[in-house]
Amino acid sequence: MLQSALVADVYKALADRTRRIILDELAERDGQTLFEIGARLASKHQLSSTRQAISQHLGVLEEAGLVTSRREGRYKYHFF
């Protein structure tokens, strides 16, 4: 039962196009801040998402175990 819930979380996380793009960007260049991810989404993919929206997407990806983060001072770095 627990494993099926984890699989469902992964599928839910991957169901959204923006989250898949975020994962692609982290796969290309790991360890980005929220600001860097937002800038790459805007410049490379013409996606204008608010920092709050991107943060929520990252939260879903973290809950599914696809992304981890590390805080260093006032910056939070995200890893695939």
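Reader: Why is Tyr75 called partly exposed?

Author: Its relative accessible area is 43%. Buried means under 20%, exposed means over 50%, and partly exposed lies in between. So Tyr75, at 43%, counts as partly exposed. Note that this is a predicted model.

Reader: What makes Tyr75 and Tyr77 an aromatic pair, and why is the pair called tilted?

Author: The structure holds one aromatic pair. In that pair, Tyr75 and Tyr77 lie 6.4 Å apart, centre to centre. The limit for a pair is 6.5 Å, so the two rings qualify. Their planes are 45 degrees apart. Stacked needs under 30 degrees and edge-to-face needs over 60, so this pair is tilted.

Reader: How do you know that His78 is buried?

Author: The relative accessible area of His78 is 4%. The cut-off for buried is under 20%, so His78 is buried. His78 lies in strand S2, residues 75-79.

Reader: Which residues is His78 in contact with, leaving aside neighbours within four places in sequence?

Author: Among them are Leu26, Leu34, Ile37, Leu58 and Val67. Asp30, Glu62 and Ser69 are also included.

Reader: What makes Glu25 buried?

Author: Glu25 has a relative accessible area of 2%. That is under 20%, so Glu25 is buried. Glu25 is found in helix H2. Not counting residues up to four places away in sequence, Glu25 touches Gln32, Arg40, Lys44 and His45.

Reader: How far apart are Glu25 and Arg71 in space?

Author: They are 19 Å apart, C-alpha to C-alpha. In sequence, Glu25 and Arg71 are 46 residues apart.

Reader: Which residues of H2 and H3 meet?

Author: From H2 come Thr18, Ile21, Ile22, Glu25, Leu26 and Glu28. From H3 come Ile37, Arg40, Leu41, Lys44 and His45. By class, this contact of H2 with H3 has five nonpolar, two polar and four charged residues.

Reader: What makes Gln46 exposed?

Author: The relative accessibility of Gln46 is 61%. Exposed means over 50%, so Gln46 counts as exposed. Gln46 lies in the loop between H3 and helix H4 (51-63).

Reader: What is the phi of Gln46?

Author: Gln46 has a positive phi of about 55 degrees, although it is not a glycine. Most residues other than glycine have a negative phi.

Reader: Why does Val7 count as partly exposed?

Author: Val7 has a relative accessibility of 37%. This value lies between 20% and 50%, so Val7 counts as partly exposed. Val7 lies in helix H1, residues 2-14. The C-alpha atoms of Val7 and Lys76 are separated by 26 Å. Along the chain, those two residues are 69 residues apart.

Reader: Which pattern does the chain follow along the sequence?

Author: The pattern is α-α-α-α-β-β. The chain has four helices and two strands.

Reader: How do you know that the chain is as compact as a globular protein of that length?

Author: Its radius of gyration is 13 Å. The globule rule gives 12 Å for 80 residues. The two values are close, so the chain is as compact as a globular protein of that length. Along its principal axes, the C-alpha trace spans about 40 × 30 × 25 Å. Of the 80 residues, 32% count as buried.

Definitions and conventions: Residues numbered from 1 in each chain as written. Predicted model: local features only at pLDDT ≥ 70, side-chain atom pairs only at ≥ 80, totals over all residues. Heavy atoms only, no water. Phe/Tyr/Trp six-rings, centres within 6.5 Å; stacked < 30°, edge-to-face > 60°. Buried < 20%, exposed > 50% of the residue type's maximum accessible area, 1.4 Å probe, protein only. Contact = heavy atoms within 4.5 Å. Nonpolar A, V, L, I, M, F, W, Y, C, P; charged D, E, K, R; others polar. Rg over C-alpha atoms; globule rule 2.2 N^0.38 Å.
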